[in-house]
Amino acid sequence: MTTRKATRREGVSALTKTKSIFLVDDHVLTRRGLAELINEQPDLEVCGEASTASEALQQIRDKSPDLAVIDLSLGEGSGLELIKDIRYTNESIRLVVASMHDEDIFAERVMKAGAQGYVNKGEPAQRFIDAIRTVLKGQICVSDRLSNRIMRRAIGQNNGEAAASPLDTLTDRELQVLELIGQGKKTRDIAEQLHLSVKTIDTYREHLKVKLSLKSGNELVHYAVAWVLDKV
């Protein structure tokens with residue numbers, strides 16, 4: 001630990017253990033920015049980084065961090081599936097998703113998968129740090145709007161909210177396939193990335209067309225590309 005970092009941590013009680021944070025994001029500049037922000041905190045410290053789901057799962061097993069920050073879109077693998085894998089092997093680690101994906105579509109999915117927090121990457125830096133500390137305390141961290149929506153749904157009230165998006169009807173795997181289609185990947189490439197058969201991906205494509213009321217493969221591609229671009 002550098003002298004400067006040690007100085008920053010002098011104000012932390014000797015009884016307070018610095019919490020270790022692991023970062024999973026396929027953009028190196030994003031990881032560097034998050035690491036710098038976290039390491040500036042006297043009670044937090046980055047213990048490792050990974051760009052793929054498989055690398056992250058292995059390192060998290062080895063390092064046993066207190067909390068992992070995970071992006072949903074990874075170059076290899078799915079952040080959502082990674083959350084499920086981590087939760088299967090380690091029930092104690094806390095998980096926060098930091099993503100540009102639409103909270104309305106993904107936040108509840110990641111909570112069901114085992115995460116405890118969801119922060120949009122466009123939020124102020126302090127919001128991100130607050131989310132980490134909130135989740136480390138054993139609490140859930142989502143936006144007030146989403147929290148209210150979940151509460152209203154739990155008690156059977158929707159206050160005249162618009163009907164759910166067709167995307168809400170998709171399974172996690174169907175949503176993953178839709179995103180890969182929107183990224184310009186062909187059926188065979190998607191099959192290889194997800195370790196599934198081409199026939200299985202074709203089946204998912206048919207399910208997507210039915211659920212999204214699309215008439216052709218071209219309409220599905222146009223829809224997927226527009227959706228992915230809208231999330232950027």
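In β4, Val-97 is the bridge partner of Ile-70. The chain passes from β3 through α4 to β4 in a right-handed β-α-β crossover, a crossover being right-handed if, with the strands pointing away from the viewer, the path from the first strand over the helix to the second runs clockwise. Strands β3 and β4 pair in the parallel sense over four bridges, where pairing requires that DSSP finds at least two bridges between two strands.

The model is predicted, so that local features need pLDDT of at least 70 and side-chain atom pairs count only at pLDDT 80 or more, while totals for chains, interfaces and linings use all residues. Residues are numbered from 1 along each chain as its sequence is written, and side-chain values use heavy atoms, with hydrogens and water left out.

The chain contains eleven helices and five strands, taken as DSSP runs numbered from the N terminus (helices H or I, at least four residues; strands E, at least two). Of its 232 residues, 45% are buried (buried is under 20% relative accessible area, exposed over 50%, partly exposed in between, with a 1.4 Å probe and protein chains only).

The open sheet of five strands is ordered β2-β1-β3-β4-β5, with parallel pairing. Strands β2 (44–50) and β5 (117–120) stand at the edges with a single partner strand each, so one side of each has no neighbour in the sheet. From one strand to the next, the twist averages 25 degrees (angles run from 0 to 180 degrees between N-to-C directions, with axes fitted to C-alpha atoms, for helices over the stretch in contact).

Strand β1 (residues 19–24) pairs with β2 in the parallel sense over six bridges, and Val-24 stands opposite Ala-50 in β2. Helix α3 (residues 53–63) packs on the sheet, where it touches β1, β2 and β3, and its direction makes about 140 degrees with that of β2. Contact here means heavy atoms within 4.5 Å. Helix α6 (residues 125–136) lies across β1, β2, β3, β4 (94–99) and β5, and runs at about 160 degrees to β4.

Strand β3 also runs parallel to β1, joined by four bridges, with Leu-23 opposite Val-69 in β3. Both faces of β3 are covered: Leu-67 and Val-69 are buried on one side, Ala-68 and Ile-70 on the other.

Gly-77 lies in the loop between β3 (67–70) and α4 (79–89). Gly-77 is partly exposed, with a relative accessible area of 26%. Residues up to four places away in sequence aside, Gly-77 touches Ala-53 and Gln-193.
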